[in-house]
Amino acid sequence: MALTLYVDTARWRAHHKQVSEQFPGLVPVCKGNGYGFGHERLADEATRLGSDILAVGTTYEAARIKDWFGGDLLVLTPFRRGEEPVPLPDRVIRSVSSVDGVYGLVGARVVIEVMSSMKRHGVSEQELPHLHSAIENVRLEGFAIHLPLDRTDGSDAVEEVIGWMDRLRAARLPLHTMFVSHLKAEELARLQRQFPQTHFRARIGTRLWLGDHEATEYRGAVLDVTRVSKGDRFGYRQQKAASDGWLVVVAGGTSHGVGLEAPKALHGVMPRAKGVARAGLATVNRNLSPFVWAGKQRWFAEPPHMQVSILFVPHDATEPKVGDELVAHLRHTTTQFDRVVER
């Protein structure tokens, strides 16, 4: 009995092909937990797509994935002096976000990140003149810009990239390749038309691997079902059942990522109201689980355990049976499944 990731492989790969056709020169991204699929699997899929380069999050990920992918590996986390040295092959390209970082990578292959409106990291416009001497001792693979997902101020992503292209050109820096993130296909095409001498390469992870929500599904197997009456005590904390029903033990606990959720940015009155309501229910130990039974998302009976969760299913619903599987709405980037089933 397991938490299982079901993959409609043909549909999943058809989506990969569609995205790669929309973004010529696509750079697949494989970082973190491999978007829920694992590094080895995504390395194989990138190879299947014919990718010559794969982007990873850290040098540690590059060290793990180098034996599974034969092309170049682009490390997205910028180099910092004093970081722990990790043995890596020459086909690894380092991102750099400062002039000092470029000086610290003599002889290395580098991509220089410029400071976007994200304001996370990157070389500033004022630093561009200092890059001329710095890049003489590295192998410059190109520049990169990481753009925000939302533009609440109404600004144009393409115009932001164009602004940086103009600054780099004015500084007489090489513009043969520009790596970009979070652009639409039509925006990328617009840039390519305006700057035909520059090769724009889109770094894409979520849209590539998780863009077709119907291609994958998590399900947790029912391990045990126990009938309870209102007032019966149960669980680690011996809480009382609020009504008649069933305690359902389902595969999938904290070690799988169940019950773990990244903070969300809420926009608008209704999402904020729902967030307040969820927080209020949590204060009285009412937490909605990601598991669905009989068409409804069911409540945790108590906080999830390490490998299982205990749900409460009320008496007016169909009784689950051992061996049934409950669909689970889980975030791929925080989930660790027990097994994967191709279908």
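Q: Which residues does UniProt give for the feature "domain: Alanine racemase N-terminal"?
A: The UniProt record, an unreviewed entry, places that feature at residues 7-153. The structure discussed here is a predicted model.

Q: How far apart are the ends of residues 7-153, and what is the helix and strand content?
A: The end C-alpha atoms of this span lie 38 Å apart.

Q: Turning to the open sheet, how many strands form it, and in what order?
A: Eight strands form the open sheet, and their order is E2-E9-E8-E7-E6-E5-E4-E3. The pairing is parallel.

Q: And which are the edge strands?
A: They are strand E2 (27-28) and strand E3 (53-56), each of which pairs on one side only.

Q: What joins E7 to E8?
A: Four bridges join strand E7, residues 139-146, to strand E8, residues 177-181. These two strands run parallel, and Ile 145 stands opposite Val 180 in E8.

Q: Which strands does H7 lie across?
A: Helix H7 lies across E8 and strand E9 (199-204). The direction of H7 is at about 160° to E9.

Q: At what angle do H6 and H7 pack?
A: Helix H6 (residues 157-170) and helix H7 (residues 185-194) pack at an angle of about 30°, and their axes are 10 Å apart.

Q: Why are H6 and H7 called roughly parallel?
A: Angles under 35 degrees count as roughly parallel. The angle here is about 30°, and H6 and H7 are therefore roughly parallel to each other. Their crossing is right-handed.

Q: Which residues make the contact?
A: H6 contributes Ala 157, Val 158, Glu 159, Val 161 and Ile 162, while H7 contributes Glu 187, Arg 190, Leu 191 and Gln 194. By class, this contact has five nonpolar, one polar and three charged residues.

Q: Now for H1 and H2: how are they arranged?
A: Helix H1 (residues 9-22) packs with helix H2 (residues 39-48) at an angle of about 60°, with the axes 11 Å apart. H1 and H2 are therefore oblique to each other. H1 passes H2 in a right-handed crossing.

Q: Which residues meet there?
A: From H1, Thr 9, Trp 12, Arg 13 and His 16 meet Arg 41, Leu 42, Glu 45 and Arg 48 in H2. The residues of this contact divide into two nonpolar, two polar and four charged.

Q: One more topic: how many residues lie between E14 and E15 in the hairpin?
A: Two residues lie between E14 and E15 in this hairpin. Ala 294, in the turn, has a positive phi of about 55°.

Q: Do E14 and E15 run parallel or antiparallel?
A: Strand E14 (residues 288-293) and strand E15 (residues 296-300) run antiparallel, joined by three bridges. Val 292 stands opposite Gln 297 in E15.

Q: How many bridges join E15 to E16?
A: Two bridges join E15 to strand E16 (residues 308-314), and this pair runs antiparallel. Trp 299 stands opposite Phe 312 in E16.

Methods:
Residues numbered from 1 in each chain as written. Predicted model: local features only at pLDDT ≥ 70, side-chain atom pairs only at ≥ 80, totals over all residues. Heavy atoms only, no water. Axes fitted to C-alpha atoms, helices over the stretch in contact; angles between N-to-C directions. Parallel < 35°, antiparallel > 145°, perpendicular 65-115°, else oblique. Left-handed = near helix turned anticlockwise from the far one by under 90°. Contact = heavy atoms within 4.5 Å. Nonpolar A, V, L, I, M, F, W, Y, C, P; charged D, E, K, R; others polar. Pairing = 2+ DSSP bridges. UniProt positions renumbered as here; feature names shortened; annotations may be inferred.
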